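Colleague: Before we discuss this chain, could you put the model up, so that we can go through its helices, its pocket and its ring pairs in turn?

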Amino acid sequence: MKEVNIRNVAITFIIAVILWNIPTPDGVAPNAWHLFAIFAATIIGIILKAAPMGTMCMLAIGVTALTQVLAPDDAGKSITKALTGFGDKIIWLIGISFFIARGFIKTGLGNRIAFIFIRIFGKSSLGLAYGLGLADLCLAPAIPSNTARGGGIIYPIMKSMAISFDSHPDKPETHKKLGSFLTLNSYYMNLITSSMFLTGTASNPMCQKFAADLGINITWMSWAAAGFVPGMVAFIIVPLVLYKIFPPELKKTTDAPKMAAQKLKEMGAITKHEWLMLLAFVILLSLWIFGGSLSIDATTTAFIGLTLLLLTSVLTWEDVKSEKGAWDTIVWFAVLVMMASSLNELGFIEWFSNLIKGEIGGLSWQVAFPVIVAVYFFSHYIFASATAHVAAMYAALLGVGVSLGVPPMLLAMMLGFMGSIYGILTHYGHGPAPVYYGSGYVELKTWWLKGLEVGIVLLIIYMVVGGLWMKVLGYY
């Protein structure tokens, strides 16, 4: 696969030129409109896969600086403003959390946790599904790359279990025996656990940043508190729903606990580095939960965790340097956040919110709320990146909802949850999707159909249970 698709780059360039030359709407500053043209073209280029996300974002930052849209007539200040995203603490929270996630994989602690849950719950195919999901749930708070969590830890174990019960990826007649059910369920559980924690997936802190730009303060603990109940309800219900509408042929997996026990035996006793990784994990969770009362924010906590892992040699500086996913994410995250935040500072988001409000201003917030959430959820069909979707629509829809009277915290959190669970719709909807779909266990038609069915269930759970729970919490 080519890194750069010249045809799609040309299409992206043409779109950027067209948008740039459209007359600036009334009420919008020219530089705000031109920045929007660059931003929109970047998102479209990412959707079209014109080039890797990092390449598209480097191109965007170069054009932003060159055109001086952030600081007209001051080239030096323009490049400084274009680079402001790299100094945002949210960017470093995600980057450092990637490094911490490497500790789980390097020490083998992630695999050990998964095998322990399989040993306990794996006597049936449904129990095996819950066991793999519980492992994902335990790892989610500290592994923000749900691709690394799902694709790097859970997927290989899931696939190994399926093959052990004679359900092979290269034998279509065996897929429904166990592999196809476990594939979809493991992916769905990954998205649910991603929604439950601020550090559950990379796009969540981006939502936190955009909400903060609109004066809505979301902490690690406030996100976890809001996400826990709807997340756990979804965690319990979704495997049961999938078991009903897409049942595995094999109902009993009595040998799975024995296989897991054998794997644990081969791993041997918990090593010193695993204990240190576990200690760092406990410290991280404690500070994320209680750090607010000590004036320690989530990014500072992540720095503390990484420092502990480096000082105890659980991770080396070479591990940090070689974690390409982290550095890649820091780069494109910083650029997207910079552009989206700058659009807000330049008044574009407020203008757009007022424009939409003028069209649907007659709606009560109780009607506008589900409409906005549903539009955000189903529009994910056109996005191949959850982060690009968040960057393109989260702040705008949040601004529209707040201007219509929707309680700010309710909408900010609900759109944040959608940033994970809308990935259920397609085989390209979230980072782990290509990994699970690539196994070959699930046909494309089945993936989309079951994704829509279970997606509607998730949408109802989060809207109803999540909405009521946030009322109990006093979020609105």
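**Helices, pocket and ring pairs**

Modeller: H16 is followed by Gly-347, whose phi is positive, near 90°. Please keep in mind that this is a predicted model.

Colleague: What span does H16 reach from its first C-alpha to its last?

Modeller: Helix H16 covers residues 324-345, which is 22 residues.

Colleague: Which elements give two or more residues to the lining of the largest pocket?

Modeller: The largest pocket holds about 1,000 Å³ of space and is lined by 34 residues, with Met-53, Thr-147, Asp-328, Trp-332 and Gly-431 lying nearest its centre. The elements that contribute two or more residues to this lining are helix H3 (53-67), helix H5 (89-107), helix H8 (146-164), H16 and helix H19 (386-403).

Colleague: How many charged residues does the lining of the largest pocket have, and which domains does the lining draw on?

Modeller: Sorted by class, the lining has 16 nonpolar and 12 polar residues, and its charged residues number 6. At least three lining residues come from each of two domains, namely domain 1 (1-86) and domain 2 (89-210 + 219-324).

Colleague: How far apart are the centres of domain 1 and domain 2?

Modeller: The domain assignment gives residues 1-86 to domain 1 and residues 89-210 + 219-324 to domain 2. Taken over C-alpha atoms, the centres of domain 1 and domain 2 are separated by 36 Å.

Colleague: Why does the pair of Tyr-187 and Tyr-436 count as tilted, and how many residues apart in sequence are the parts that the pair ties together?

Modeller: The search of the whole structure finds 24 aromatic pairs. In the pair of Tyr-187 and Tyr-436 the ring centres are 6.0 Å apart and the planes meet at 45°, so the pair is tilted. Tyr-187 belongs to helix H9 (residues 179-196) and Tyr-436 to helix H21 (residues 433-437), so the parts tied together are 249 residues apart in sequence.

Colleague: Are Tyr-187 and Tyr-436 buried or exposed?

Modeller: Tyr-187 has a relative accessibility of 0%, and the relative accessible area of Tyr-436 is 0%. Buried means under 20%, so Tyr-187 counts as buried, and Tyr-436 is likewise buried.

Colleague: Which helices hold Phe-417 and Tyr-462?

Modeller: The rings of Phe-417 and Tyr-462 have centres 5.6 Å apart and planes at 55°, so this pair is tilted. Phe-417 is buried at a relative accessible area of 0%, and Tyr-462 is buried with a value of 0%. The pair links distant parts of the chain, 45 residues apart, with Phe-417 in helix H20 (residues 408-421) and Tyr-462 in helix H22.

Colleague: In which loop does Lys-49 lie?

Modeller: Lys-49 has a positive phi, near 55°, in a residue other than glycine. At 47% relative accessibility Lys-49 counts as partly exposed, and its place in the chain is the loop between helix H2 (30-48) and H3.

Technical notes. Residues are numbered from 1 along each chain as its sequence is written. This is a predicted model: local features need pLDDT of at least 70, side-chain atom pairs count only at pLDDT 80 or more; totals for chains, interfaces and linings use all residues. Side-chain values use heavy atoms; hydrogens and water are left out. Helices (H or I, at least four residues) and strands (E, at least two) are DSSP runs, numbered from the N terminus. The expected span of a helix is 1.5 Å times one less than its number of residues. On a 1 Å grid over the protein atoms alone, a cavity is a set of points where a 1.4 Å probe fits but cannot get out, and a pocket is an open set with protein on both sides within 12 Å along at least five of seven lines; lining residues have an atom within 4 Å of a point. Grid points are joined across faces, edges and corners, and a volume is the space filled by probe spheres set on the points. Ala, Val, Leu, Ile, Met, Phe, Trp, Tyr, Cys and Pro count as nonpolar, Asp, Glu, Lys and Arg as charged, and the others, Gly among them, as polar. Domain bounds come from an automatic or database domain assignment. Rings of Phe, Tyr and Trp (its six-membered ring) pair if their centres lie within 6.5 Å; planes under 30 degrees apart count as stacked, over 60 as edge-to-face and the rest as tilted. Buried means under 20% relative accessible area, exposed over 50%, partly exposed in between (1.4 Å probe, protein chains only).
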